[in-house]
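Let's take a friendly look at the charged side chains in this protein. Please have the sequence and the 3D view open as you read.

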Amino acid sequence: SLIEKVEVKSIAHITGGGFYGNIPRVIPKNCKVVIKKGSWCLPEIYKIAMKKIALPEKELYTTFNMGIGMVLVVSPKDVTKVIKEMTNRHGVKCWEIGVVARGGQCVEMV
């Protein structure tokens, strides 16, 4: 139902490869995605893992999904509509976690 209401430009399933391996596949070569860490509710298991596992932060976002199962790329004007639709109609927790900007088909965490 969401795709009928807004233009979903692309979708990335955050599986093996995490943020860094999956998001670049769904954006143009001249774009990057800037992800704002802390813009979503990080599940407790990841907080524990970050404390217990001696992995660099980038590796955590590459190996694990950090609680984000799927990323939708939509126009800024549609973000609120997407969040309301997914939360109210489908019961799916979702957040605006970043933006698309000019760059070299990569993910930047800020």
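## How many salt bridges?

How many salt bridges does the count come to? The model is a predicted one, and the count comes to 6 salt bridges. Three of these pairs are worth a visit below.

Start with Lys5 and Glu85, whose side chains form a salt bridge with an N to O distance of 3.1 Å. Lys5 sits in helix 1 (residues 2-5) and Glu85 in helix 5 (residues 79-89), so the pair links distant parts of the chain, 80 residues apart.

## Two strands brought together

Next come Glu108 and Lys32, which meet in a salt bridge at 2.6 Å, N to O. This pair too links distant parts of the chain: Glu108 belongs to strand 5 (residues 107-109) and Lys32 to strand 2 (residues 31-35), 76 residues apart.

Is Lys32 buried or exposed? Lys32 counts as buried because its relative accessibility is 18%, and the cut-off for buried is under 20%. Glu108, at 30%, counts as partly exposed.

## Lys77 and Asp78

The side chains of Lys77 and Asp78 also meet in a salt bridge, at 3.4 Å from N to O. Lys77 is exposed, with a relative accessible area of 68%, whereas Asp78 is buried at 5%.

One last thing to look for in the 3D view: salt bridges with shared partners join Lys5, Glu85 and Arg89 into one network.

Note on methods. Residues numbered from 1 in each chain as written. Predicted model: local features only at pLDDT ≥ 70, side-chain atom pairs only at ≥ 80, totals over all residues. Heavy atoms only, no water. Salt bridge = Lys/Arg side-chain N within 4 Å of Asp/Glu carboxyl O. Helix = DSSP H or I, 4+ residues; strand = E, 2+ residues; numbered from the N terminus. Buried < 20%, exposed > 50% of the residue type's maximum accessible area, 1.4 Å probe, protein only.
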